[in-house]
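Okay, thanks for coming, everyone.

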Amino acid sequence: MSLERKKLGSVLIKPAGPDCNMACAYCFYLEKSELFPESRTHRMSDEVLEETVKQVMTQGQKQVSFSWQGGEPTLMGLSFYEKAVRLQQKYGHGHLVGNGLQTNGLLIDVQWAKFLRRYSFLVGLSLDGPEHIHDRYRLLRNGKSSWSRVVDKARLLLDSGVEVNALVVLNDHSVLFPEEIYEFHKSLGLNYMQFIPCVELDPDDPDQVASFSVPSEKYGEFLSKVFDLWLADFKDEMPTTSVRFFDSVLFSYAGLIPPECTVLEECGVYVVIEHNGDVYSCDFFVEPGWKLGNVMEDSLAALLNSERQDEFGWMKAVLHPECQECQWLRYCRAGCTKERLHNPRDRTLNYLCPSYKMFFQHADKRLSQMADEWKCQQMLVDTPRIMNLEQGVQAPQKIGRNDPCPCGSGKKYKKCCGRAT
Ligand code: SF4
Ligand code: SF4
């Protein structure tokens, strides 16, 4: 075991394993039931739940987050999550706890909505867009449409004051409709959006991506169009909608650590806990080779810092020669490892590389500008605090229009962050 250097901050838990009450054609997780053949249904026991919560609360940072996913995690019933919250209260002494629930929405009702609101769960609701887009692949188990039921649940959650993030899977069909999808979610009040590119191998021909996967360059066109729509919605120079990928890369542009693992230098910053307590390296690598241990026998903090998890993390840092030379590497970080290993033509260059190049070429100037503006604001806010410590309270320094910009761009203030003032 290596020294414990990664702090346990977030865990992804699959309390109902791969079980689901829908049958989406592009789902990568349904087939995982083959890993757990001992029973047809998969449910986390009270013992595994308590041990998991206890370890996260006692080994984790002061601020921890639990992400409940599946399959479909609401199959556990509301009482399971009431128990989880009670355990978080029991074992958390002064901790800040965040809970996220990723759901298809079908089982959500008024009681669920009240609970989710009361305990400030952030809900990721899978809704691909208007009916003809959503129902292309997201169907009920009987093959019927799920769209109107999911839209009703979105309204119920929003009306109840629950924070909802729309999770949109981009596939060969949905990727053609950036404007329709963005405007649809906005019109429902779903102003937080996360677009997830679907890249799966064809099970009948693993040298090809599955037909429903997003074409490698179309994702870039989609992101570029949505970026323009997102910018057009700014009011008083502030965004009125949130698109997770833009938020994440803005962190990188501002020199901060982004919250999304796909644009980090290495993987391995969180672990996945399956219903039976088995711990894996990542949501996309729930497979025997990346099983790290079991929460009933091992410490989560030790597994997070195990050699095997380090090996997993470093895979991302091994770059294709084209990435090593690429001007976008510091923002793209060569994308998610899963999309690199699953590239049928080249085992290390990301399948979505053409899209990343297209997007950064399109958005780079504006993203740089926004990051500079943000840094400037931080400096203006920070200046009096530093002076306060060293010299007593003083008014913030006034920057002349011809002074060097404090963001460090090397430009004059009036040509950089001071443009709008
Ligand atoms: S493989 Fe992809 S999803 Fe998994 S940790 Fe790495 S970047 Fe994140
Ligand atoms: S844009 Fe392509 S070549 Fe550049 S770092 Fe990203 S994946 Fe690599």
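**Around the two ligands**

Let's start with ligand 2: helix 11 (321-324), helix 12 (329-332) and helix 14 (353-391) each put at least two residues into its shell. Before I go on, this is a predicted model, where local features need pLDDT of at least 70, side-chain atom pairs count only at pLDDT 80 or more, and totals for chains, interfaces and linings use all residues. Residues are numbered from 1 along each chain as its sequence is written, chains are lettered from A and ligands numbered from 1 in the order in which they are written, and side-chain values use heavy atoms, with hydrogens and water left out. Helices (H or I, at least four residues) and strands (E, at least two) are DSSP runs, numbered from the N terminus.

Which helix gives the most to that shell? Helix 14, with 3 residues. The residues around ligand 2, meaning those with a heavy atom within 4 Å of it, are Glu322, Cys323, Cys326, Leu329, Cys332, Ala334, Cys353, Tyr356 and Lys357. By class that's 7 nonpolar, no polar and 2 charged. For the classes, Ala, Val, Leu, Ile, Met, Phe, Trp, Tyr, Cys and Pro count as nonpolar, Asp, Glu, Lys and Arg as charged, and the others, Gly among them, as polar.

Over at ligand 1, the surrounding residues include Cys261, Cys267, Cys282 and Cys336, along with Lys316. That shell splits into 8 nonpolar, 2 polar and 1 charged.

We have 10 strands in an open sheet with mixed pairing, in the order 9-6-5-4-3-2-1-10-11-12. Strand 9 (242-243) and strand 12 (291-294) are the edges, each with a single partner strand, so one side of each has no neighbour in the sheet. Strands pair if DSSP finds at least two bridges between them; strand 1 (residues 8-14) and strand 10 (residues 271-274) do that in the parallel sense, over 4 bridges. In that pair, Val11 sits opposite Val271.

Pro197 belongs to strand 6 (residues 192-197). Is Pro197 buried or exposed? Buried, at a relative accessible area of 14%; the cut-offs are under 20% for buried, over 50% for exposed and partly exposed in between, with a 1.4 Å probe and protein chains only. Skipping neighbours within four places in sequence, Pro197 contacts (heavy atoms within 4.5 Å) Leu170, Val214, Tyr219, Glu339 and Leu352.

Last stop, helix 8 (residues 244-253): 7 of its 10 residues are buried, so the rest of the structure largely encloses it. Among them are Phe245, Phe246 and Tyr253. Just past helix 8, Gly255 has a positive phi of about 80°.
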